[in-house]
Amino acid sequence: PSGSRGEQSEIAYLTAVCCYSLSEISTAVAEFGRALALLDEADESNDRLRLDIHQWRSRGYRRLRDFEAAREDIDRALELCQAIAEIRPRAEVHLHASLVATRLGRLVLARRYAETSRDLYDEVGDTITKGRVINNIAGLNHELGDDGAAIAQLREHAKNPARPFFLAVGFSNPHVPWIAPKKYFDLYDPATGMRFAVKRNTSPL
């Protein structure tokens, strides 16, 4: 395609977002990588575009259950958002960072990211997304054993009774972290999810 490397990078990024929206996740991740490579070759620096690419690719890796790769990308996005004056992108990055940390079982870190996201959404007046984040914080507080804080968060969320509300709370929590180790996912065919590699135990014991 014609245009500068920066323009080509933005086109690749938008293409990747479209692929992600169509659930073509592997293609999207590859396109996000291409967008970053093109941006590295660009004459101009575009930290906002780079932040968006890392955040979206992290989402893609999360969908592919490669949570370490998702963490690496969202960590880079967190670094980049420190230099961004816009509040909403910072709120979005911290929210996604909280989701990744939750998947990795790092619940205290997940709560800290979520609390930052809540405060940033409050600054921009986005009460709907703020309410969703508060709901997430309540769940994290419950998982961490702070039921009193969970109730307080729910009371704050309930201040607007007209807003639709749903909360799933498990009182018995055997599944933290919320994912199986990668070695178990590797037993399945990622294309179909059906193939399972069975290893028979031939030991008499």
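Visitor: What kind of crossing is it where helix 3 passes helix 4?

Guide: Helix 3 passes helix 4 in a left-handed crossing (the near helix is turned anticlockwise from the far one by less than a right angle; right-handed if clockwise). This is a predicted model, where local features need pLDDT of at least 70, side-chain atom pairs count only at pLDDT 80 or more, and totals for chains, interfaces and linings use all residues. Residues are numbered from 1 along each chain as its sequence is written, and side-chain values use heavy atoms, leaving out hydrogens and water.

Visitor: At what angle do the axes of helix 3 and helix 4 cross?

Guide: Roughly 160°, and the axes come within 8 Å (lines fitted to C-alpha atoms over the stretch in contact, with angles from 0 to 180 degrees between N-to-C directions). Helix 3 and helix 4 are therefore roughly antiparallel (over 145 degrees).

Visitor: Which residues of helix 3 meet helix 4?

Guide: Among them are Asp47, Arg50, Leu51 and Tyr61, and the helix 4 side includes Phe67, Ile74, Arg76 and Leu80 (contact means heavy atoms within 4.5 Å).

Visitor: About Arg50: why does it count as buried?

Guide: Because Arg50 has 17% relative accessibility, and buried means under 20% relative accessible area with a 1.4 Å probe, protein chains only. Arg50 sits in helix 3, residues 47-63.

Visitor: What does the Arg50 side chain join in a polar contact?

Guide: The side chain of Asp40, at 2.9 Å (an N or O pair within 3.5 Å, one able to donate a hydrogen and the other to accept it; residues adjacent in sequence count only if both atoms are side-chain atoms). Leaving aside residues up to four places away in sequence, Arg50 touches Leu36, Leu39, Asp40, Arg76 and Leu80.

Visitor: Next pair. How far apart are the axes of helix 4 and helix 5?

Guide: 10 Å, with a packing angle of about 155° between helix 4 (residues 67-81) and helix 5 (residues 87-103). Helix 4 and helix 5 are therefore roughly antiparallel. Their contact has 9 nonpolar, 2 polar and 3 charged residues.

Visitor: How many helices and strands in the protein?

Guide: 9 helices and 0 strands (DSSP runs numbered from the N terminus: H or I of at least four residues, E of at least two). Of the 205 residues, 39% count as buried.

Terms used: Buried < 20%, exposed > 50% of the residue type's maximum accessible area, 1.4 Å probe, protein only. Parallel < 35°, antiparallel > 145°, perpendicular 65-115°, else oblique. Nonpolar A, V, L, I, M, F, W, Y, C, P; charged D, E, K, R; others polar.
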